[in-house]
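Visitor: I would like to learn how to read a structure like this one. Please take me through it feature by feature.

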Amino acid sequence: MNSLQANAAFNALFNQMNGIYHEYVKQYNLTECQFWILYALNAEDRPLTQSELQNYIIIPKQTIHSAILKMIENKLITLKEKTGNRKFFILTEKGKLLSQRTVKKVIQKEISVFDAFTTEERKMLIHLFSKYIQLLEGETNEDTII
(Lines give C-alpha, C1' and ligand atoms only; values in the text may rest on other atoms or scores of the structure.)
Protein backbone atom coordinates (compact mmCIF):
# COMPACT_ATOMS: atom_id res chain seq x y z
CA MET A 1 0.00 0.00 0.00
CA ASN A 2 1.48 3.33 -1.02
CA SER A 3 0.96 6.64 0.82
CA LEU A 4 -1.88 7.76 -1.45
CA GLN A 5 -3.77 4.51 -0.82
CA ALA A 6 -3.03 4.66 2.91
CA ASN A 7 -4.34 8.22 3.04
CA ALA A 8 -7.57 7.22 1.27
CA ALA A 9 -8.05 4.20 3.55
CA PHE A 10 -7.35 6.24 6.69
CA ASN A 11 -9.74 9.00 5.65
CA ALA A 12 -12.45 6.45 4.89
CA LEU A 13 -12.02 4.90 8.36
CA PHE A 14 -11.93 8.31 10.03
CA ASN A 15 -15.13 9.36 8.26
CA GLN A 16 -16.76 6.05 9.18
CA MET A 17 -15.85 6.62 12.84
CA ASN A 18 -17.25 10.16 12.69
CA GLY A 19 -20.41 8.74 11.15
CA ILE A 20 -20.82 6.38 14.11
CA TYR A 21 -20.63 9.29 16.56
CA HIS A 22 -22.99 11.33 14.38
CA GLU A 23 -25.54 8.49 14.58
CA TYR A 24 -25.25 8.43 18.38
CA VAL A 25 -25.87 12.18 18.50
CA LYS A 26 -28.87 11.89 16.18
CA GLN A 27 -30.27 8.95 18.16
CA TYR A 28 -30.04 10.95 21.39
CA ASN A 29 -31.65 14.06 19.87
CA LEU A 30 -28.75 16.30 20.85
CA THR A 31 -26.63 18.68 18.84
CA GLU A 32 -23.09 17.50 18.28
CA CYS A 33 -21.80 20.27 20.53
CA GLN A 34 -24.22 19.36 23.34
CA PHE A 35 -23.21 15.70 23.06
CA TRP A 36 -19.50 16.55 23.32
CA ILE A 37 -20.06 18.92 26.24
CA LEU A 38 -21.86 16.11 28.08
CA TYR A 39 -19.08 13.75 27.05
CA ALA A 40 -16.34 16.07 28.34
CA LEU A 41 -18.09 16.68 31.68
CA ASN A 42 -18.49 12.92 32.14
CA ALA A 43 -15.03 11.93 30.97
CA GLU A 44 -13.31 14.57 33.10
CA ASP A 45 -15.69 14.06 36.03
CA ARG A 46 -15.09 17.57 37.37
CA PRO A 47 -16.36 21.09 36.76
CA LEU A 48 -15.02 22.56 33.50
CA THR A 49 -14.71 26.10 32.23
CA GLN A 50 -15.92 27.15 28.79
CA SER A 51 -12.28 27.41 27.73
CA GLU A 52 -11.56 23.85 28.92
CA LEU A 53 -14.63 22.60 27.06
CA GLN A 54 -13.47 24.38 23.92
CA ASN A 55 -10.00 22.84 24.20
CA TYR A 56 -11.48 19.40 24.90
CA ILE A 57 -13.81 19.27 21.92
CA ILE A 58 -12.15 21.74 19.51
CA ILE A 59 -15.30 23.62 18.57
CA PRO A 60 -15.48 27.41 18.05
CA LYS A 61 -15.99 29.52 21.16
CA GLN A 62 -19.34 30.95 20.00
CA THR A 63 -20.71 27.47 19.25
CA ILE A 64 -19.74 26.28 22.74
CA HIS A 65 -21.24 29.42 24.27
CA SER A 66 -24.56 28.94 22.45
CA ALA A 67 -24.71 25.27 23.41
CA ILE A 68 -23.94 26.09 27.06
CA LEU A 69 -26.74 28.67 27.17
CA LYS A 70 -29.20 26.18 25.66
CA MET A 71 -28.07 23.45 28.07
CA ILE A 72 -28.49 25.82 31.04
CA GLU A 73 -31.94 26.75 29.75
CA ASN A 74 -32.80 23.03 29.49
CA LYS A 75 -31.40 22.49 33.01
CA LEU A 76 -28.75 20.00 31.84
CA ILE A 77 -25.79 21.96 33.20
CA THR A 78 -25.41 24.79 35.67
CA LEU A 79 -22.81 27.31 36.73
CA LYS A 80 -21.07 25.86 39.77
CA GLU A 81 -18.86 28.74 40.76
CA LYS A 82 -17.19 31.76 39.35
CA THR A 83 -13.56 32.52 40.13
CA GLY A 84 -12.59 35.88 38.69
CA ASN A 85 -13.72 35.70 35.10
CA ARG A 86 -13.65 31.87 35.04
CA LYS A 87 -17.03 30.13 35.14
CA PHE A 88 -17.16 26.44 36.04
CA PHE A 89 -19.96 24.26 34.68
CA ILE A 90 -21.29 21.01 36.11
CA LEU A 91 -24.05 18.58 35.23
CA THR A 92 -27.40 18.99 36.94
CA GLU A 93 -29.36 15.95 38.08
CA LYS A 94 -31.27 16.11 34.79
CA GLY A 95 -27.92 16.30 32.94
CA LYS A 96 -26.61 13.30 34.87
CA LEU A 97 -29.72 11.29 33.98
CA LEU A 98 -29.38 12.21 30.31
CA SER A 99 -25.68 11.31 30.45
CA GLN A 100 -26.52 7.86 31.84
CA ARG A 101 -28.72 7.20 28.80
CA THR A 102 -26.33 8.71 26.27
CA VAL A 103 -22.65 9.54 26.63
CA LYS A 104 -21.92 7.05 29.39
CA LYS A 105 -23.14 4.28 27.06
CA VAL A 106 -20.84 5.59 24.33
CA ILE A 107 -17.89 5.80 26.72
CA GLN A 108 -18.56 2.22 27.83
CA LYS A 109 -18.65 1.07 24.18
CA GLU A 110 -15.33 2.83 23.57
CA ILE A 111 -13.79 1.13 26.60
CA SER A 112 -15.10 -2.23 25.37
CA VAL A 113 -13.39 -1.63 22.03
CA PHE A 114 -10.09 -0.97 23.78
CA ASP A 115 -10.65 -4.04 25.96
CA ALA A 116 -10.73 -6.09 22.73
CA PHE A 117 -7.17 -4.92 21.93
CA THR A 118 -4.04 -6.24 23.55
CA THR A 119 -2.02 -3.84 25.66
CA GLU A 120 0.51 -3.63 22.83
CA GLU A 121 -2.20 -2.88 20.26
CA ARG A 122 -3.61 -0.09 22.47
CA LYS A 123 -0.16 1.46 22.87
CA MET A 124 0.52 1.15 19.14
CA LEU A 125 -2.81 2.72 18.16
CA ILE A 126 -2.31 5.67 20.50
CA HIS A 127 1.32 6.09 19.45
CA LEU A 128 0.62 6.01 15.71
CA PHE A 129 -2.42 8.25 15.92
CA SER A 130 -0.46 10.75 18.05
CA LYS A 131 2.40 10.68 15.57
CA TYR A 132 -0.02 11.20 12.68
CA ILE A 133 -1.52 14.27 14.41
CA GLN A 134 1.90 15.73 15.25
CA LEU A 135 3.09 15.32 11.67
CA LEU A 136 -0.15 16.68 10.26
CA GLU A 137 0.00 19.72 12.55
CA GLY A 138 3.59 20.28 11.46
CA GLU A 139 2.59 20.13 7.80
CA THR A 140 -0.37 22.45 8.40
CA ASN A 141 1.72 25.00 10.30
CA GLU A 142 4.31 25.13 7.49
CA ASP A 143 1.71 25.80 4.78
CA THR A 144 0.10 29.13 4.18
CA ILE A 145 -3.50 29.01 3.13
CA ILE A 146 -4.30 31.61 0.50
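Visitor: Which exposed residues does the face of α4 turned away from its buried side carry?

Guide: Helices (H or I, at least four residues) and strands (E, at least two) are DSSP runs, numbered from the N terminus. Buried means under 20% relative accessible area, exposed over 50%, and partly exposed in between, with a 1.4 Å probe and protein chains only. On α4, the face turned away from the buried side carries the exposed residues Q62 and E73. This is a predicted model, in which local features need pLDDT of at least 70 and side-chain atom pairs count only at pLDDT 80 or more, while totals for chains, interfaces and linings use all residues. Residues are numbered from 1 along each chain as its sequence is written, and side-chain values use heavy atoms, with hydrogens and water left out.

Visitor: Which residues of α4 are buried?

Guide: I64, A67, I68 and M71 are buried in α4. Seen down the axis of α4, these buried residues fall within an arc of 105°, so they line one face of the helix. The arc is that of the directions from the helix axis to the C-beta atoms.

Visitor: What covers the buried residues of α4?

Guide: Contact means heavy atoms within 4.5 Å. The cover includes α2 (32–44), α3 (50–57), β2 (77–83) and β3 (86–91). From the side of α2, Q34 is an example, as its place is in that helix. Leaving aside neighbours within four places in sequence, Q34 is in contact with A67, K70 and M71.

Visitor: Is Q34 buried or exposed?

Guide: Q34 is buried, with a relative accessible area of 9%. Its side chain reaches the backbone nitrogen of T31 at 3.0 Å. A polar contact is a pair of N or O atoms within 3.5 Å; within protein, one must be able to donate a hydrogen and the other to accept it, and residues adjacent in sequence count only if both atoms are side-chain atoms.

Visitor: How many residues has the largest nonpolar core?

Guide: In soluble globular proteins, nonpolar side chains tend to be buried together. A nonpolar core is a set of buried Ala, Val, Leu, Ile, Met, Phe, Trp, Tyr and Cys residues joined through side-chain atoms within 4.5 Å. The largest one here has 29 residues, and F35, I37 and L53 have the most contacts inside it. α2 gives the most to this core, with eight residues. Not counting residues up to four places away in sequence, I37 touches L53, I57, I64, A67, I68 and M71.

Visitor: Which residues of α3 are buried?

Guide: In α3, Q50, L53 and I57 are buried. They cover an arc of only 60° around the axis, which puts them on the same side of α3. They pack against α2, β1, α4 and β3.

Visitor: What is the order of the strands in the open sheet?

Guide: Two strands pair if DSSP finds at least two bridges between them. The open sheet of three strands has the order β1-β3-β2, with antiparallel pairing. Its edge strands are β1 (48–49) and β2, each pairing on one side only. Between β1 and β3 there are two bridges, and the bridge partner of L48 in β3 is F89.

Visitor: Where does K75 lie?

Guide: K75 lies in the loop between α4 and β2. Its phi is positive, about 60°, although K75 is not a glycine. K75 is exposed, with a relative accessible area of 56%.
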